[in-house]
Amino acid sequence: MLELITNVNNAVNNVVWGWPALILLAFVGILMTCLTRFFQVSHFAHWVKMTVGAIFKDKNVVGHTKDKSISQFQSLCTALAATVGTGNIVGVAGAIIVGGPGAVFWMWLIAFFGMMTNYSENVLGIYYRRKNKTGEWSGGAMYYLRDGLGSKKGCKYIGKILAVLFAVFCFIASFGIGNMTQVNSISGNMASVFGVPTWLTGIVILIIGGLVIVGGLKRIASVTEKIVPFMVVIYIVGSLIILVANISQIGTVFAAIFRGAFAAKSAGGAVVGYGIKLAIEQGMKRGVFSNEAGLGSSVMVHSNSNVSEPVRQGMWGIFEVFADTIIVCTLTAFSILSSGLVDLETGVTLTEYNGLALTKSNLVSTVFSMHFGKIGAAFLAIAIMLFAFSTVLGWSHYGTKACEFLFGEKLTIIYRVIFVIAIFGGAVMGDNLAWELADTFNGMMMLPNLIGVLVLSPLVCKITKNYVDRVLRHKKVKPMLSAFEEIQKEQEQKL
């Protein structure tokens, strides 16, 4: 039975993470980039000013809300909590080991176009969000699939079916990629570096996680806005120290990345064509695993923001991908490639270092140990712990919103309790099918979401043009804030 499940899962996984799906993902990103006239470049100064720049100037961006919404900064931190995780460390290492240095270029490229995919998801999330009976915003791919795609002629039932499928896939994925696999990474690291028993790690995370998760989004956001900036900054500082120490290798690293992306053999020494294929595949996959642009996941927390303008939250989506992949993943890649553990001429990663077999799980840890000694390994273990734990917090909200859409608000507390209990199971489980199943269901979220973004792309362009005309060109036009008239009127009063 187990073998049958494994075979079926492998077959499905090859589809949802295969070339057709990756091409669709890239196509949607390229399309949205072109339709919005390269918004992430043409309005670079504006979106930086309205996101990270506004953190230090606009109280509405960081100030805590009195209602059940959360601040724009809290929504970003909660979204980054779910995206900045083990994929930024282990995922990047795996991409380089399999696809060589060239995988980094394709990771950059998919992130560049992914910025506009994430932007589009968030614009649609805000535009189609609505308030539940408790006064909390509810938004996400399931809502713009049901109410947006479903409003198109002949698409009523298709929209509803895709919305339910997305919610089901998200609900299941929240226990896998958003919970048990993350906690398993924490317990494994704590056991190998500090000798802490996995069961003890499981109990501690269960208690701490339970106190936060059961408290709902406001408590989750309150914690993530403190954890995420801290964990990202300390990891960036550690990576920058390594970068400065190996500054003489920067030119060689860049050359290896571009050479590997277009002409060199793969890390395994395969012929040129197959080597490029591996580089593209690994770079795109790991990029998406890391920033989740196209999966429709982070929309569910961005939709809880106190923002009125859909485009304002869309710009936070651009920054989210930029911070996750262009900054954090790039620093990981440069740390690895400048360490001497990768032959930059052939792209091959050493199989061992000082008697230690090198794998994607310990490659970055080895790099930090080379520069900081035992403190480096401990530092990275703590970083992975924070990254993974914050991912659990973020995904608990995604699963809660999926549960609310499928079963109603009353059952969300039951979901949270079960989610917390699953934390202990993740800590003590071994390497098994759960990892592969989690990967599959995470990818299955992508397909219905991309269909929704693709069909609603003209609306995203219309909302974007409306914002640019009003805010940047100072034209007097009616704002496009919501698909629902009562919410439109309510948000207009806040402008």
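Trainee: Which helix holds Trp199?
Mentor: Trp199 lies in helix α11; helices here are DSSP runs of H or I with at least four residues, numbered from the N terminus. This is a predicted model, where local features need pLDDT of at least 70, side-chain atom pairs count only at pLDDT 80 or more, and totals for chains, interfaces and linings use all residues. Residues are numbered from 1 along each chain as its sequence is written, and side-chain values use heavy atoms, leaving out hydrogens and water.
Trainee: Is Trp199 buried, exposed or in between?
Mentor: Trp199 is partly exposed, at 47% relative accessible area; buried means under 20%, exposed over 50%, and partly exposed in between, with a 1.4 Å probe and protein chains only.
Trainee: OK, switching topic: where is Ile242?
Mentor: Ile242 is in helix α12, residues 217-245. Ile242 counts as buried, with 0% relative accessibility.
Trainee: And which residues is Ile242 in contact with, beyond neighbours within four places in sequence?
Mentor: Ser335, Ser338, Val367, Phe368, His371 and Phe372, where contact means heavy atoms within 4.5 Å.
Trainee: How about α16, where does it bend?
Mentor: At Phe322, by about 30°; that is the angle between axes fitted to the seven residues ending there and the seven starting there.
Trainee: Why is α16 called largely enclosed?
Mentor: Because 25 of its 28 residues are buried, α16 is largely enclosed by the rest of the structure.

Note on methods
Helix = DSSP H or I, 4+ residues; strand = E, 2+ residues; numbered from the N terminus.
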